[in-house]
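Dear colleague,

My notes on it follow directly after the sequence and coordinates.

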Amino acid sequence: MPSVVELVQSLVNGVGIGLVYGLIAIGFCVIYNASGIVNFAQGVFVMLGGMFAYSFLVTLKWPLALAAAASIIVVAGIGVLVQIFIIRPMWERKAPMFAIILATLAVQLLIEQIVILTMGDQPRTYPEFTLGGPLKLGPIAIGYQLFWVLGCGALMVVLLQLFFNKTRVGRALRACSQNREAAALLGIPVGGMLMLSFALSAGLGAAAGILITPTQYTAYSVGAPFGVNGFISAIIGGFGSAPAALAGGILLGVVQSAAIVVFGAGYKNVIALTVLLIVLLFFPKGLFGGLAKKH
Amino acid sequence: MTLLSVRGLTKRFDGLTANSEISLDVEEGSLFAVIGPNGAGKTTFFNMVSGFLPSTAGSITFAGTDITTMRQDKIAAMGLIRTFQLVQMFQNMTVAENVEVGFHLKTRGGVGAALVRPPWLRRQEEDIRVKARELLDFVGLGAQADMDAGLLPYGQQRLLEVARAMAAGPRLLLLDEPAAGLNAHETDALADVIQHINGRGITVLLIEHDVGLVTRIAHRIAVLDFGCKIAEGTPDEIKKHPDVIAAYLGTETENA
Amino acid sequence: MTLPSSISTRLGQHGYLAVGGAILLGLLFVFVFVRGGYLLTVMQLAMIYGVFCIGLNFFMGYTGQASFGQNAFAALGGYGTAVLCVQYGWEPILALFASMAISGVASVVVGYPTLRLRGHYLAMATFALGLITYDISVQWQSVTQGYMGYSGIPPLGIGPFTVEDERWKLVVLMVIVLFGLWISGRLRNSRFGRALRAISTSELGASALGIRISHYKLAAFVIAALYASAAGSLFAHVVGFISPEVFGAQMVIVTFTMLYVGGVGTVLGPAIGAVIASLLPEIVRSTGRFQDIAYALVLILLLIYVPKGLSALFGIGRPRPAKTTNPGS
């Protein structure tokens, strides 16, 4: 039987990883709401964020802030490229949903293989942003990186909320999510908004990857599990607002961490996926009917 | 004898009442029509009767059995077969294959039989091929039998859907706005087919927007407006009914 | 009895093309047999993927449903065979059928609730099946031997007769593929197959004719799982080695590429696609990584420019309607 201390410790760890899932989930929602597309390659942006950060930080020895910013920009650019060359042609041809999903899966495989070719298949990691620690609260240890994750995560959600509510572009993006035809009639460039949504969600994914890599590692294959966990979080959050998606992520992270204590770390993805299947089975149209409403 | 009996059928969507307390009886062998302006709740009514939409309240009895909460395919198996306002063609199959699918309920055999192809199965396949051809000739599509169904012009797709429904051996055939999108010539051909079907002893329940078609072929008509039944009677009674003229004919005569 | 024209429609829309393709394939096999060597291995794998794709075609082609996780059942087949043969010394043929039985049961248990889902949820749930199986095959080391995988899996055989010659292996696999195609063709043009194909274009229309949708979707899913399991077992016996990577996510991409190249929903398409898609990388002599990249690129291009699969390209000459009435008029 796991002790109380172990459980509390796993709770703390769960909040950290959960925030990362939440950021990925927001990425799913941003694209889905702008276009009705679920980008199954979302997790690949997380992996790329970690990979680029590693290259800039460790190989090129750039300072942390510069490396992080550069990684986010590069990955957002990759997101835009994916949108321009793959998603947009299919979208304009009114390709069936299943074909777009398949294409995003192919993109994931493509990027993974390119990463193996250029970076190798070895896992990479870099030091935590603030060295030292962990902070000891009695028997509970909290790594400093968790505070970075919490702080940056909260900051990004606040900025996103401001962006969606206060800026013209953000409001236009929201208008697209409510009614694309009407938005187009109002003169909002819907195609441009779709591109923006890919840049935004790729950037968010990259940020998540940069934040989480020091506590774990990044390797070509971490994308799919991150993507799936982000998707599960988005479902729990109802595919609606950013805070709900974030909450969904934290919930999943905590459940997963608790389950790791019981079943062992190797099975954490199996556990998350089983949670997904169970949630879907009891709510075949998703929690809050988020996706079902639009299709 | 009453074949279909609807009592107090009601459907509410998020506070909006699409159908309110509709009751009607369809006699076996009759040609019954439900008419009403667009948005009167005709298709909602149809979807509930055929099991494609759960009702909020009320009951539906078909051939003495309560079918209110029955699944679509079971309702179909009882002999209540419907068509759709938006044609539901099996586009990837030929015209003849579409009708052959229609025989699903009238045939048997699963994976095992399909692999072994025992003599009875071969007879059955030959049988439905012949019968499908007869049905296509009946609706005037015999020449198009080997064409891809998706390539048929719209009016002929409607006729094909009727032929396909006939293959399922209906006791009650529900036709959902069969004349929608048809030109005058195609509508006449369709009216002929419907009357012939009814002449074979099959009860027909028809939803229509085209009042001219309905008053010409229906034995009995019910009128829906804003989700309520406002009148029922013979075509002559309906034509004279003041509420009907006010609610429907008065505003929609140009479509009639 | 039947006229040629109806034979072609029964074979699928591109019947003659398919027959022509089959003849070409025959010639190809003769060449491979004479030439021998590495090409034999390539063709063996093509046949194994062919078995998988013929099954996937039931669910995706005939029934029009998307499953991104059929590799789970291939893994089940492969590991079932490996464990039963290596650990328990079973006869290969028995292990193959036992694994298929396990996969069949598993697909019913998993499919019954999963197939109630629609759209993105169905896609993600099926994708999750593959990922779960992959993780279990890595983690459950006491049974699966983890990343190391299983080697020394005995070749196919019955009793004292084993198939160890590379040419004979290919012959056996070809016979299995032909048998799989025969089943696929028979089922496609039956009451059962017509019901599946009706579901693929209109679930409403199908259920209005009394077809029990959930029932038929599940049946197609189970058939696809049985084929996938057989393909997994065959891989184990023919190659003699399996690891989690063999049944990873790239298997999904590779098999979908094959299906799209050959023609989704046709009888022979999956097998033809498997052969073409297996040979192309050999012609450009690319190695593993580049091969996966090539598959992904080809699939993306096909999805964008030929969304109905390559076989649709040859359908241009089909009859057109004499006149079209605007549905809205």
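Two residues are taken to be in contact if their C-beta atoms, placed from the backbone, lie within 7 Å. Please bear in mind throughout that this is a predicted model.

**Contacts between the chains**

With that criterion, the contact between chain A and chain C takes 36 residues from chain A and 32 residues from chain C. On the side of chain C that touches chain A, helix 6 (119-139), helix 12 (249-262) and helix 14 (288-305) of chain C each contribute at least two residues. Helix 6 of chain C gives the most to this side, with 12 residues. By class, the residues of the side of chain C that touches chain A are 24 nonpolar, four polar and four charged.

Chain C also meets chain B: 39 residues of chain B are in contact with 35 residues of chain C. The elements of chain B that give two or more residues to this side are helix 2 (72-77), strand 6 (80-82), helix 3 (95-102), helix 4 (111-116) and helix 6 (154-167). The residues on the side of chain B that touches chain C comprise 18 nonpolar, 14 polar and seven charged.

Two pairs of chains are in contact, and of these chains B and C share the most contacts. Chain A and chain B, by contrast, do not touch, and their nearest C-alpha atoms are 14 Å apart.

**Chain A**

The secondary structure of chain A consists of 12 helices and two strands. Along the sequence, the elements of chain A follow the pattern α-α-α-α-β-β-α-α-α-α-α-α-α-α. The C-alpha trace of chain A spans about 60 × 50 × 35 Å along its principal axes. For 295 residues, a compact globule would have a radius of gyration near 19 Å, and the 19 Å of chain A agrees with this.

Two helix pairs in chain A were examined. Two packed helices are described by the angle between their axes and the distance between the axes.

The crossing of helix 2 of chain A past helix 9 of chain A is right-handed. From helix 2 of chain A, the residues involved are Gln42(A), Gly43(A), Val44(A), Val46(A) and Met47(A); they meet Gly223(A), Ala224(A), Pro225(A), Phe226(A), Gly227(A), Val228(A) and Gly230(A) in helix 9 of chain A. The contact of helix 2 with helix 9 of chain A has seven nonpolar, five polar and no charged residues.

In the second pair, helix 6 (residues 168-178) of chain A and helix 8 (residues 190-212) of chain A pack at an angle of about 105°, and their axes are 10 Å apart. Helix 6 and helix 8 of chain A are therefore roughly perpendicular to each other. Here Ala172(A), Leu173(A) and Cys176(A) in helix 6 of chain A meet Val190(A), Met193(A), Leu196(A) and Ser197(A) in helix 8 of chain A. The contact of helix 6 with helix 8 of chain A has six nonpolar residues, one polar residue and no charged residues.

**Chain B**

Chain B holds an open sheet of four strands in the order 2-1-4-5, with antiparallel pairing. Strand 2 (16-27) and strand 5 (65-66) of chain B stand at the edges, each with a single partner strand, so one side of each has no neighbour in the sheet. Within the sheet, strand 1 (residues 2-13) and strand 4 (residues 57-62) of chain B pair in the antiparallel sense over five bridges. The bridge partner of Val6(B) in strand 4 of chain B is Ile60(B). Helix 1 (residues 42-49) of chain B packs on this sheet and touches strand 1, strand 2 and strand 4 of chain B; the direction of helix 1 makes about 120° with that of strand 1 of chain B.

Further pairings in chain B involve strand 9. Strand 3 (residues 31-35) and strand 9 (residues 220-225) of chain B pair in the parallel sense over four bridges, and Ile35(B) has Val223(B) in strand 9 of chain B as its bridge partner. Strand 9 of chain B also pairs with strand 10 (residues 228-233) of chain B, in the antiparallel sense over five bridges. There, Ile221(B) stands opposite Gly233(B) in strand 10 of chain B. The hairpin of strand 9 and strand 10 of chain B has two residues between the strands, and in this hairpin Phe226(B) takes a positive phi near 50°.

With kind regards

Terms used: Residues are numbered from 1 along each chain as its sequence is written. Chains are lettered from A and ligands numbered from 1 in the order in which they are written. This is a predicted model: local features need pLDDT of at least 70, side-chain atom pairs count only at pLDDT 80 or more; totals for chains, interfaces and linings use all residues. A crossing is left-handed if the near helix is turned anticlockwise from the far one by less than a right angle, and right-handed if clockwise. Ala, Val, Leu, Ile, Met, Phe, Trp, Tyr, Cys and Pro count as nonpolar, Asp, Glu, Lys and Arg as charged, and the others, Gly among them, as polar. Two strands pair if DSSP finds at least two bridges between them. The radius of gyration is taken over C-alpha atoms; the globule rule is 2.2 Å times the number of residues to the power 0.38. Axes are lines fitted to C-alpha atoms, for helices over the stretch in contact, and angles run from 0 to 180 degrees between N-to-C directions. Angles under 35 degrees count as roughly parallel, over 145 as roughly antiparallel, 65 to 115 as roughly perpendicular and the rest as oblique.
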